[in-house]
Amino acid sequence: MFNLNKNKLTTLLKVQYSNMLEYRVEIALWAISGIIPFFMLNIWTSNNLNESINLSNVMLSRYFLSAFFVRQFSVVWVVFTFEEDALLGKISPYLIQPLNPFFRYFAQHIAEQITRFPFAILIALIFFLLNPESIWIPSLGLFLLSCLSTFLSFLIQFLIQSIIACLCFWTEKASSIERLLFIPTLFLSGLLAPVISFPEYVKSWIYITPFPYLIDFPANLLSGNNTNLIAGFAMQIIWISVLFPIFKKTWSLGTKKYTAMGS
Amino acid sequence: MDENIIQVTNLSKSFDISSKKPGLKGTLKHFFKRETKNIEVLKNINLKIKRGEIVGFLGANGAGKTTILKILCGLIYPSKGNLAVAGYLPYKRKSNFLKNITLIMGQKQQLIWDLPPMESFYLNAAIYDINKSEAKKRIKKLSNMLEIEKELYIPVRKLSLGQRMKAELLAALIHKPNILFLDEPTLGLDINAQRNLRKFLQIYNKETNATICLTSHYMKDITSLCKRVICIHEGCITYDGKLDKLLKKISPVKDILIICKTDKDAQELSKSGFIIKNKNQKEITITIKKDSIKFTLNEIINKFDIEDLYINEPPVDEIIGNILVKEKV
């Protein structure tokens, strides 16, 4: 199923990066459209909501800037691309190549993240110009750990969407199932509010879902807020270990149902 | 040459297809209760194809030709039956099997739309574990054969349909497959591009001894490439054998164009009991049975004053078109 080696991966990344550069203006607009955390920061600070969770204005602004960064490098859209490709029969040529087509989508996402990088930096610089008190330089260790947790967050989201994408072998419109996940992802991931601000009884079950490990955990790591490092990484790895075999099985069953429509 | 590279026994394939009646009533009914029908698109297909053979699959739209190719290349699962392609079960999609085959669909493309074809070629080379220097050699050779050296660095979206098809072919052949599945490869191409593509396929087959399974609605593709044809009608094989034998079998007639010296001779000839296919002043085309050709020609030459005479086969398109809708050939 997975015949990936270094040469295949680097060539895939190079080609997809060249392809993504063709869409650089579009990607810049996507990067700008990801500034929800800054709106949320404004709502939080202008209403002094941060006092209730004992987080200073500075720490909160760092949290939301980190959330912006994590979101930029973990955003996933594979379900929409795969659905279109499967319904129109575009994946047919890829299915008979000795490489799982999902690696193409994976490389597309990584290439897109690399293309987004300069735009994200530019937005961060503007943010620092407007909020100079928020400027901070995380330690190298924390920075690397937060990069790792952001990548794991991306993997979790990629696997969730890939499983849903495989459902289009049965339902044809799998993206509507993905939309069901949009609300919990938006509210429970930490994009609108740090999970720490949730009531205790809610938090106790939120932490067993994958959502807080998508934005909240990596953003807390990067911004230097208190967070349980071991529990965070352990939950990310557990979720990947649970989702990966589900994806493999769904893919295997789904391709048996594939009818190569439109081709 | 004698080795069977493709073996299919009792192959069947059925699909569940939902239907919906038009209008609001039909829409509401479809929303609450989907009506699905199980349609058997292939029924007990048996065939063997030898290494190096070029086989044409003939049939009307929806006959099941493309479904057979899709099953043979491992794209879709069969519902019943046994099959082996290059010694593998296609639907298992083992790496070594996939490196042996390629599928080219006239209406589908694998090249990356916004990048020059060269990028897709290098990507495919990496996917098939071909090193860069070898890939360069193969691209050079194939692009030379296909005459697309100048188009290699132009974005795919800027190429003409013919140039794109050639680039698709190069991308699909970079790993030197032993078996080519071609589903209407000349679809939409102009006459010159069709001819070039056919010429290329002939050379490729000769040089590599590759097996080619081809579907096409352009009879010229079939007649110039395939010695053997398989006719399919509603999911069943109705004929499997040599193309010339099929043409003889289903078309036991010949057309004779007779140019008479005078209008009077033409009039008399047209009234003498022959089957008249065409009449234009002094020119008359009659259709006769192949086994009576000697007798008929003698009769015409002795009885009528003629200027010239031509013996023709009826157009292949006409003959094949007639058999596509027949249950038995």
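A: What follows goes through the helix packing step by step, and then turns to some loop residues.

The model is a predicted one, and this should be kept in mind throughout. Two packed helices are described by the angle between their axes and the distance between the axes. Both values are given below for a helix pair that joins the two chains, and then for two pairs inside chain A.

Helix α4(B) packs with helix α1 of chain A, residues 6–21, at an angle of about 160 degrees, and their axes are 9 Å apart. Angles over 145 degrees count as roughly antiparallel, and α1(A) and α4(B) are therefore roughly antiparallel to each other. The crossing in which α1(A) passes α4(B) is left-handed. On the α1(A) side the residues are A:Asn7, A:Lys8, A:Thr11, A:Leu12, A:Val15 and A:Ser18, and they meet B:Glu119, B:Tyr122, B:Leu123, B:Ala126 and B:Ile127 in α4(B). By class, the residues of the contact of α1(A) with α4(B) divide into 6 nonpolar, 3 polar and 2 charged.

In one of them, α8(A) and helix α11 of chain A (residues 216–223) pack at an angle of about 165 degrees, with 8 Å between their axes. That angle makes α8(A) roughly antiparallel to α11(A), and α8(A) passes α11(A) in a left-handed crossing. From α8(A), the contact is made by A:Leu142, A:Leu145, A:Ser146, A:Ser149, A:Thr150 and A:Ser153, while α11(A) brings A:Phe217, A:Pro218, A:Leu221 and A:Leu222. The contact of α8(A) with α11(A) has 6 nonpolar and 4 polar residues, and no charged ones.

In the other packing, the axes of α8(A) and helix α12 of chain A (residues 229–257) come within 9 Å and cross at roughly 25 degrees. Angles under 35 degrees count as roughly parallel, so α8(A) is roughly parallel to α12(A). Here too the crossing of α8(A) past α12(A) is left-handed. The residues that α8(A) brings include A:Ser149, A:Leu152, A:Ser153, A:Leu155 and A:Ile156, and among those that they meet in α12(A) are A:Gly232, A:Phe233, A:Gln236, A:Trp239 and A:Ile240. The residues of the contact of α8(A) with α12(A) divide into 15 nonpolar, 7 polar and no charged. A:Ser149 and A:Ser153 are listed in the contact with α11(A), and A:Ser149 and A:Ser153 are also listed in the contact with α12(A).

Loops join these elements, and some of their residues deserve a look. A:Trp77 lies in the loop between α4 (57–72) and α5 (78–87) of chain A, and, with 17 other C-beta atoms within 10 Å, A:Trp77 is partly exposed. A:Asn100 lies in the loop between α6 (92–95) and α7 (102–130) of chain A. A residue counts as buried if 20 or more other C-beta atoms lie within 10 Å, so A:Asn100, with 19 such neighbours inside 10 Å, counts as partly exposed.

In chain B, B:Ala86 lies in the loop between β4 (80–85) and α3, and its phi is near 55 degrees, a positive value in a residue other than glycine. B:Glu234 is found in the loop between β8 (228–233) and β9 (236–242), and the phi of B:Glu234 is near 50 degrees, also a positive value in a residue other than glycine. B:Ala86 is partly exposed, with 17 other C-beta atoms within 10 Å, and B:Glu234 is partly exposed, with 16.

Technical notes. Residues numbered from 1 in each chain as written. Chains lettered and ligands numbered in written order. Predicted model: local features only at pLDDT ≥ 70, side-chain atom pairs only at ≥ 80, totals over all residues. Helix = DSSP H or I, 4+ residues; strand = E, 2+ residues; numbered from the N terminus. Buried ≥ 20, exposed ≤ 12 C-beta atoms within 10 Å, placed from the backbone. Axes fitted to C-alpha atoms, helices over the stretch in contact; angles between N-to-C directions. Parallel < 35°, antiparallel > 145°, perpendicular 65-115°, else oblique. Left-handed = near helix turned anticlockwise from the far one by under 90°. Contact = placed C-beta atoms within 7 Å. Nonpolar A, V, L, I, M, F, W, Y, C, P; charged D, E, K, R; others polar.
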